[in-house]
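Me: I'd like to learn how to read salt bridges in a model. Can you walk me through it?

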Amino acid sequence: MATAAISLFRRCSMTTSAAHVASRHIDHTFEKLMSHYKHYLRVLSIQDLILASSDHSLPLAFLSSLSQKLRLNRGAPYFLRKYPHIFSLHYDATNCVPFVRLTPAATDIVRLEADAISIGIPNAIERLIKILSMSPSRMVPLRAVFKFWKELGLPDDFDQSVIALNPSVFGILNNPKERNTHLLHLLNADSIIENLTPAIEKWRIGERETHSKLDPTEIELGFKQVFPPGMKLKKNFRKKVREWQRLPYLGPYDKLDNSKKMTKTEMMAREKRAVGIIHELLSLTVEKTAEVEQITQFRKWFGIDTNIRDLVVDHPGIFYLSTKGKRHTVFLREAYNRGRLVDPNPVYEVRRKLLYLVMVGRRGMWMHHAGDKKDDDEEVDSEEVEDDDDD
């Protein structure tokens, strides 16, 4: 069984990683979402710059100087005019210099998100604890968390409002291997970890309660498989998936054996553990998605030896990888239905309001608020997307 499973998700040694990614089955629902989302991320970059300024406005010339860095291929003025629901241009009365501000609708969304994050701090603390618990050393680089804080729904001052205010849970250590860097450490880890349950258990409990036709071993050790629409699943492939599902492995919070010599079965168990960790990591994010680069920064700290991007592509029933927007974005497939979260949370719902304004573009300028047409997501999704910026 192990030998068959090993061959299932292994790439041919002559296949490059890029070719492996290019050969994956395309899921048009996720690609359609990403066609909007890549612009949404550019909007967020500009929004963050505006909010960081003292008067919440920026000179247009300053944004123009950052056009290449922000991937605004046709320049800042063109991009800003595409989203009049989000950005407004005004002029300095004295010097007649154009400035950029957020519209009242966008400002309201910023406030609503801050409120949702503030209310959800206890949940965000739990997510951060779980991140640290997946590391055998119970430590990760602090800079890695700084690159992942939005995904976890942490406040932007989380180092003060979360870490510093919970000294019995979190500690900061100097990194002995890198000067001027720090490690975030989970204190009293043993008493905490014994009470942690992986997100996949929710599916397993549901399968047990509904008297699933799946093999009991497959339920106990497997993952929910949701293959892309139109993907042809041959009989031999299905068989190998079932065999892989039954392979034993260590859960994301179980103690890892650092033995260097491993049998083939142990190697597959280690690889399946990596799948479990990526599954759990995505489950902890607000939007059940993250960039491969963000996941990779935790790789050695989680004890993962496998290439993250290849591992994600190797398991199309669990993850989906999009390459739109010159970034590799991973989605937890089971968490989505028709481009939306199956189980949304308050922070996601607020962020969806901003994404809606991005999808609207120049349309509907007579509307004063994103919420005036509650069910417009479906309407906008069905329209062609104006996509003037390169992927």
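Me: Is D48 buried, exposed or partly exposed?

Reply: First, the ground rules. This is a predicted model, where local features need pLDDT of at least 70 and side-chain atom pairs count only at pLDDT 80 or more, while totals for chains, interfaces and linings use all residues. Residues are numbered from 1 along each chain as its sequence is written, and side-chain values use heavy atoms, leaving out hydrogens and water. Buried means under 20% relative accessible area, exposed over 50%, and partly exposed in between (1.4 Å probe, protein chains only). D48, with a relative accessible area of 34%, is partly exposed.

Me: Which residue forms a salt bridge with D48?

Reply: A salt bridge is a side-chain nitrogen of Lys or Arg within 4 Å of a carboxyl oxygen of Asp or Glu. Here K150 pairs with D48, and their closest N and O atoms are 2.8 Å apart. K150 sits in the loop between helix 8 (142–146) and helix 9 (158–163), while D48 belongs to helix 3 (residues 28–52), 102 residues apart. Helices are DSSP runs (H or I, at least four residues), numbered from the N terminus. K150 is partly exposed too, at 25%.

Me: What about K130 and E126: how far apart are their closest N and O atoms?

Reply: That salt bridge comes in at 3.7 Å. Both residues lie in helix 7 (residues 121–133), and they are separated by about one helical turn because they are 4 residues apart. K130 counts as buried at 13% relative accessibility, whereas E126 is partly exposed at 40%.

Me: How many salt bridges does the rule give?

Reply: The count comes to 15.

Conventions: Helix = DSSP H or I, 4+ residues; strand = E, 2+ residues; numbered from the N terminus.
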